[in-house]
Amino acid sequence: MQILQYTLRRLLYLLPVIFGVSFVIFILFNVVLGDPTPILLGKNATLKQIEELRHQLGLDRSWLMQYLDVVKSAFTFDFGISWSTKQKISDIIISRAYPSLTLTLPAFVISTTFSILISLFVAYYRGRGIDTFVRVLCIALMSISSLVYILFFQWFFAFHLEWFEISGYEPGFPDFLAYTTLPGIIWIVLSIGPDVRFFRTVMLDEIYQDYVRTARAKGLREVTILLKHVLRNALVPIITYVVIQIPFLILGALLLESFFGIPGLGGVILEAINSSDFPVIKAFAILTSIVYIVFNLITDVLYAVVDPRIKLH
Amino acid sequence: MKKESLWGEALKKIVKDKISLFSLIVVLVYTIIAILVSLGVIVGDWHQTVGPNYAPPSSDFIFGTDFLGRDVFKKVIYGVQVAMSVGFISSMISIPIGVVLGATAGYFGGVVDEIIVWFYTTFSSIPTIMLLISISFILEKGITSVYIALGLTTWVHLCRLVRGEVIKHKNRDYVQAVTAIGGGHARKLFRHIIPNVFHVVIINASLQFQVAIKSEVILSYLGLGVQEQPSWGKMINDAKQELTSGYWWQLAFATLAMFLIVLAFNILGDALRDALDPKLKGKES
């Protein structure tokens with residue numbers, strides 16, 4: 001009951017944030033961007049054509065009405081029509097989400113599990129050679145541009161060794177695996193650096209707590225302490241870190257998709273950038289923000305479920 | 001007195017540790033190169049054709065040449081200036097916003113705090129990559145947009161940190177002492193509290209530099225970045241066509257140049273945090 005009340009209160013608190021996000025996007029796309037009609041119609045458009053188009057796009061209405069349109073789209077997910085493909089943007093998003101998720105979801109689950117295991121391992125050997133080695137390796141991995149990993153892995157494994165398809169996509173399991181495995185591996189390599197670094201810190205924070213000393217004094221084995229006590233207590237920051245990343249899975253792996261020709265959401269954004277398709281970019285800005293806000297709320301609620309010490313008001 | 005000893009001690013700690021000292025030297029060398037390039041002292045002639053197309057690294061061209069026969073070494077050096085300026089100018093945009101908003105929110109509390117917290121929650125709710133793309137897409141393509149986009153996306157984290165620190169400091173004895181001798185809000189905030197929490201800004205800046213440098217590469221790939229000058233992002237991007245023909249040097253040397261400075265900022269950021277703020281150790285990022 002308390003959880004329900006808490007959730008409802010947090011939901012109410014989301015409203016001002018949604019209004020705020022809509023306002024930032026409205027300022028960027030409706031005020032700063034100005035009049036997009038010359039881009040759409042070219043230089044030789046007649047005044048009448050411009051007027052008509054402005055009316056069609058709702059640009060002749062007051063700024064307040066235009067702002068309310070943005071707010072409305074944040075709730076209804078009705079983002080209008082793409083300028084370049086003339087399709088409904090919400091339809092495009094739904095149809096292109098599937099390829100994105102077949103790439104990012106498995107990669108995300110595998111890389112998170114891997115990273116937690118590695119950080120448990122180095123937490124066990126904390127302060128010794130292997131721990132230092134992993135720490136330095138993480139920083140080194142993080143210091144290379146993601147673009148370089150993609151270029152190199154694609155060139156080496158797909159082009160040079162011909163182990164994987166260079167690019168393309170086929171829907172349906174297991175057909176897509178031939179195309180998503182290599183980008184998935186790159187995703188894992190990219191995430192392991194920051195993930196292990198974060199999880200290791202979280203676990204080391206717990207390892208020096210009094211309760212761990214007590215457990216050790218009771219004569220528990222170090223492995224039992226790590227798995228039963230440390231991991232459990234480290235769960236709160238780990239959950240936050242993991243859940244907060246989920247919205248980015250929906251966004252798709254922008255660069256990976258474009259390099260490997262996977263027709264996902266990342267590709268939609270790239271096409272929109274190349275064809276100056278403002279409504280699509282705007283839709284993605286709104287959509288990803290809303291998803292982010294919602295997942296933030298889920299994290300907060302999970303927090304309260306996992307850790308009873310967190311006060312519910 | 002305490003402030004000086006804190007910074008002095010921090011510097012001593014960093015110089016003592018070989019890896020941190022190395023990172024500090026890398027940052028200084030890159031900074032000097034960036035200043036020299038900005039002043040036009042070196043590599044002003046990067047755009048000249050100096051040899052055949054795609055000459056591999058040799059004693060004539062230590063990093064080889066690109067598709068127009070330009071010296072890759074000069075382009076890499078020019079890239080130092082682009083990368084450092086992206087880090088520096090975007091920090092110059094985000095630091096004032098982050099510090100002023102964060103300090104005001106933390107110090108005054110109440111409604112002011114709530115409004116500012118709402119403001120940064122709003123900004124942090126828009127995924128950084130989408131905000132970056134939107135801003136640089138709307139503004140005219142070029143390096144100025146990259147500065148502004150990065151500046152406007154990175155202040156949030158700093159604002160949150162500064163706010164937290166100011167809240168911790170505002171009721172401390174030294175601030176009350178200033179009240180006792182008749183110091184007003186402005187004096188307390190700007191002369192006393194902010195200098196005492198400024199280490200947060202420095203630590204954050206060293207992390208922000210590497211984020212900025214990495215983002216420039218991504219934006220350049222998306223065609224939203226630097227247009228007329230050579231940058232590491234553009235060089236890495238060129239490699240997309242070059243690798244299959246075996247022209248590896250642009251990719252390799254741009255990556256190496258970037259790797260060194262990002263690694264240095266990463267290590268330096270950690271070292272600064274350990275030295276200046278032991279309590280924060282490992283909590284952030």
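Lys86 of chain A is exposed, with a relative accessible area of 60%; exposed means over 50%, buried under 20% and partly exposed in between, using a 1.4 Å probe and protein chains only. Before I go on, please note that this is a predicted model, in which local features need pLDDT of at least 70 and side-chain atom pairs count only at pLDDT 80 or more, while totals for chains, interfaces and linings use all residues. Residues are numbered from 1 along each chain as its sequence is written, chains are lettered from A and ligands numbered from 1 in the order in which they are written, and side-chain values use heavy atoms, with hydrogens and water left out.

Lys86(A) sits in the loop between α4 (63-76) and α5 (89-124) of chain A. Helices here are DSSP runs of H or I with at least four residues, numbered from the N terminus, and strands are runs of E with at least two. The phi of Lys86(A) is near 65°, a positive value in a residue other than glycine. Most residues other than glycine have a negative phi. Ser276(A) also has a positive phi, near 50°. Ser276(A) belongs to the loop between α13 and α14 of chain A, and is partly exposed at 26% relative accessible area.

Let us turn to the two chains together. How many residues does the contact take from each chain? Chain A gives 47 residues and chain B gives 41, where contact means heavy atoms within 4.5 Å. Between them the chains bury about 3800 Å², 77% of it on carbon and sulfur atoms. Buried area is the accessible area, with a 1.4 Å probe, that two parts lose on being put together, summed over both. In chain A, the residues that lose the most area to chain B are Ser143(A), Leu151(A) and Ile273(A), together 14% of what that side buries.

There is one salt bridge between chain A and chain B. Arg197(A) forms a salt bridge with Asp270(B), and their closest N and O atoms are 3.0 Å apart. The term requires a side-chain nitrogen of Lys or Arg within 4 Å of a carboxyl oxygen of Asp or Glu.

Finally, consider Phe209(B), in helix α8 (residues 185-221) of chain B. Is Phe209(B) buried or exposed? Phe209(B) is buried, with a relative accessible area of 11%. Leaving aside residues up to four places away in sequence, Phe209(B) touches Met84(B), Gly87(B), Phe88(B), Ser91(B) and Phe265(B). Phe88(B) is 121 residues from Phe209(B) along the chain, yet their C-alpha atoms are separated by 7.0 Å.
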